[in-house]
Amino acid sequence: MNSNQKNIKHICYCLIIVFALIIMNLSTIYATELTPKIELLKQYHFESVETSSSVTIPHIIGLDNPQIEEEINQLITQSIQQYLNQFKESNNTYTNINDPLIKKWIVDINYQVYFIDSSLASFSINATQIKASSYLQKTFFNIDLKTARQLTVEDFLGKKYSQIIQTEIRNK
């Protein structure tokens, strides 16, 4: 083998190594893009004479199926809208009974992510209302990211989940 053939052979090996490194980097970038995440969609704050409200709206991104992603995001939006409607109703009732200038109704809606991977998302939508006292409500979601189905305790522990829980409580 002459020196030109050796050089060509070395160049080919170097090209193969460079090509392999590029493919590995591209696969890492591609995998990162498809990782499901729950992140901030929008946040707003509004004030009136009787109310101060802060709302943080999350959404899920990075699912393989855009239709399931949309279903889950609609579920999140509906949950937040239910809280807002409930607060508006409570505020109207309170304002009719009391002077709204005495105390302001404070509302905060946010979210918390507990766990997320390619098949399961566990998070909550949290709503706090404060007048003289404070009330915290949480709606918990455990969602199968392949089907958009909300999971229950039975899905995790089986049909005899009640017995399993009672036994665990007794053992403690």
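Strands here are DSSP runs of E with at least two residues, numbered from the N terminus, and two of them pair if DSSP finds at least two bridges between them.

Before I go on, the housekeeping. This is a predicted model, so to speak of local features we need pLDDT of at least 70, and side-chain atom pairs count only at pLDDT 80 or more, while totals for chains, interfaces and linings use all residues. Residues are numbered from 1 along each chain as its sequence is written, and side-chain values use heavy atoms, with hydrogens and water left out.

Back to β3 and β4. They form a hairpin, with three residues between them. Keep Phe-123 in mind, please.

What about β2, residues 51-61? That strand runs parallel to β3, and five bridges join the two. One to look up: Val-55 is bridged to Ile-109 in β3.

Zooming out, we have an open sheet of five strands in the order β1-β2-β3-β4-β5, and the pairing is mixed. The edges are β1 (37-47) and β5 (134-144), each pairing on one side only. On average, neighbouring strands are turned by 15° against each other, direction ignored; the axes behind that are lines fitted to C-alpha atoms, and angles run from 0 to 180 degrees between N-to-C directions.

Now the rings. How many aromatic pairs does a search of the whole structure find? Four. Rings of Phe, Tyr and Trp (its six-membered ring) pair if their centres lie within 6.5 Å; planes under 30 degrees apart are stacked, over 60 edge-to-face, and the rest tilted.

One of them is Tyr-44 with Phe-46, stacked at 5.8 Å centre to centre and 20° between the planes. Another is Phe-123 with Phe-141, also stacked, at 5.1 Å and 25°. Phe-123 sits in β4 and Phe-141 in β5, so this pair ties together parts 18 residues apart in sequence.

Buried or exposed? On our cut-offs, buried is under 20% relative accessible area, exposed is over 50%, and partly exposed is in between (1.4 Å probe, protein chains only). Phe-123 is buried at 1%, and Phe-141 is buried at 4%. Tyr-44, at 32%, is partly exposed, and so is Phe-46, at 35%.

Terms used. Helices (H or I, at least four residues) and strands (E, at least two) are DSSP runs, numbered from the N terminus.
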